[in-house]
Amino acid sequence: MKLKNEFLYFNSGVLLFNKGQRSKPVINISDAEVKEIYYKNYWLVAGCDKMTPKFAALCFDTAVNMGVEIVKATGMTRNTEFLKAAQYTYPEKYIAAKKAKYYEFTKYGNQKKFLNGWLNRLNDMEKFIKTL
């Protein structure tokens with residue numbers, strides 16, 4: 001099973017990482033490879049290198065958590081909603097808009113079981129950006 005738009009997939013019960021033409025078990029990925037994946041496939045693609053540090057951190061986390069397509073500035077995306085809510089200036093408004101979206105997600109299917117994890121992640125991010 002290949003996960004949508006991801007580098008990770010299952011083969012015979014082993015989670016594998018696909019890098020170009022070669023695959024290897026995730027357990028064998030080096031820290032440098034992990035950093036490269038996040039930098040090239042999330043940070044740069046989401047445009048975080050062009051943002052202020054606080055918004056870069058928020059948008060990077062959103063890209064990893066919700067998908068990089070959410071953050072890319074193409075059309076009306078959830079991230080655009082978050083950035084507009086924040087008036088491109090107030091990180092706390094971005095966080096509030098993202099939190100509201102998490103609560104909205106809980107209305108669908110079995111998503112409610114993820115809410116505490118999402119909120120913990122958001123609370124950690126809120127603490128982190130205060131250090132920037």
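I call a residue buried under 20% relative accessible area, exposed over 50% and partly exposed in between, with a 1.4 Å probe and protein chains only. By that rule F55 is buried at 6%, and Y94 is buried at 0%.

A note on the ground rules: this is a predicted model, where local features need pLDDT of at least 70, side-chain atom pairs count only at pLDDT 80 or more, and totals for chains, interfaces and linings use all residues. Residues are numbered from 1 along each chain as its sequence is written, and side-chain values use heavy atoms, with hydrogens and water left out.

Next I looked up the rings, which pair if the centres of Phe, Tyr or Trp rings (for Trp, the six-membered ring) lie within 6.5 Å; planes under 30 degrees apart are stacked, over 60 edge-to-face and the rest tilted. I found eight aromatic pairs. Y38 and Y42 make a tilted one, with 5.5 Å between centres and 50° between planes. Y38 is partly exposed at 35%, whereas Y42 is buried at 11%. The F55 and Y94 pair is edge-to-face, because the planes stand at 80°, with centres 6.1 Å apart. I also noted that Y38, Y42, W43 and F60 form one aromatic cluster.

Last, I checked A63. Taking contact as heavy atoms within 4.5 Å, A63 touches Y42, A46, V68 and V71, leaving aside residues up to four places away in sequence.
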